[in-house]
Amino acid sequence: MHEYSLATNLIEILREEKKKRNIKKILKVELEFGKLASAEPLIFKEIFDIIKKDTEFEETELIIDLIEPEVKCLNCEKDFKADTFPFLCPYCENMGGELLRGDKITMKSLEIIKD
């Protein structure tokens with residue numbers, strides 16, 4: 001249940017943002033969710049929707065943008081999108097590479113009402 005701890009952390013981050021920025025209400029939170037983030041986005045969203053009930057975020061909408069992994073080939077140095085391990089460069093067929101994005105969960109935006 002890695003997704004449960006991630007969703008709980010999101011609630012805490014929203015509380016901190018609300019306090020720090022004098023936010024009255026958070027209407028929407030948008031996340032960039034890397035496909036290699038080691039968590040299932042649909043399960044994460046379901047858990048968030050469950051644990052936000054009876055909190056100040058009960059009406060907060062969670063939007064998840066899935067991010068395709070991008071890899072830099074260490075042989076030909078071209079960037080390419082990859083869905084699975086191991087990474088296979090479509091240009092030179094070299095195996096492996098440097099993961100540039102697609103393995104993190106980041107907050108993209110908040111839609112808020114200020115105090």
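1. In which helix is Glu-17 found? Glu-17 belongs to helix α1, residues 2-20; helices (H or I, at least four residues) and strands (E, at least two) are DSSP runs numbered from the N terminus.

2. The model is predicted: local features need pLDDT of at least 70, side-chain atom pairs count only at pLDDT 80 or more, and totals for chains, interfaces and linings use all residues. Residues are numbered from 1 along each chain as its sequence is written, and side-chain values use heavy atoms, with hydrogens and water left out.

3. Glu-17 counts as buried because its relative accessibility is 17%; buried means under 20% relative accessible area, exposed over 50%, and partly exposed in between (1.4 Å probe, protein chains only). Neighbours within four places in sequence aside, Glu-17 is in contact (heavy atoms within 4.5 Å) with Ile-23 and Leu-110.

4. An open sheet contains three strands in the order β2-β1-β6, with mixed pairing; two strands pair if DSSP finds at least two bridges between them. Strands β2 and β6 (105-114) each have a single partner strand, so one side of each lacks a neighbour in the sheet.

5. Strand β1 (residues 23-34) runs parallel to β2, and seven bridges join them. Glu-32 has Asp-65 in β2 as its bridge partner.

6. Helix α1 lies across β1, β2 and β6, at about 140° to β1. Axes are lines fitted to C-alpha atoms, for helices over the stretch in contact, and angles run from 0 to 180 degrees between N-to-C directions.

7. Ile-64 is placed in strand β2, residues 61-67, and counts as partly exposed because its relative accessibility is 22%.
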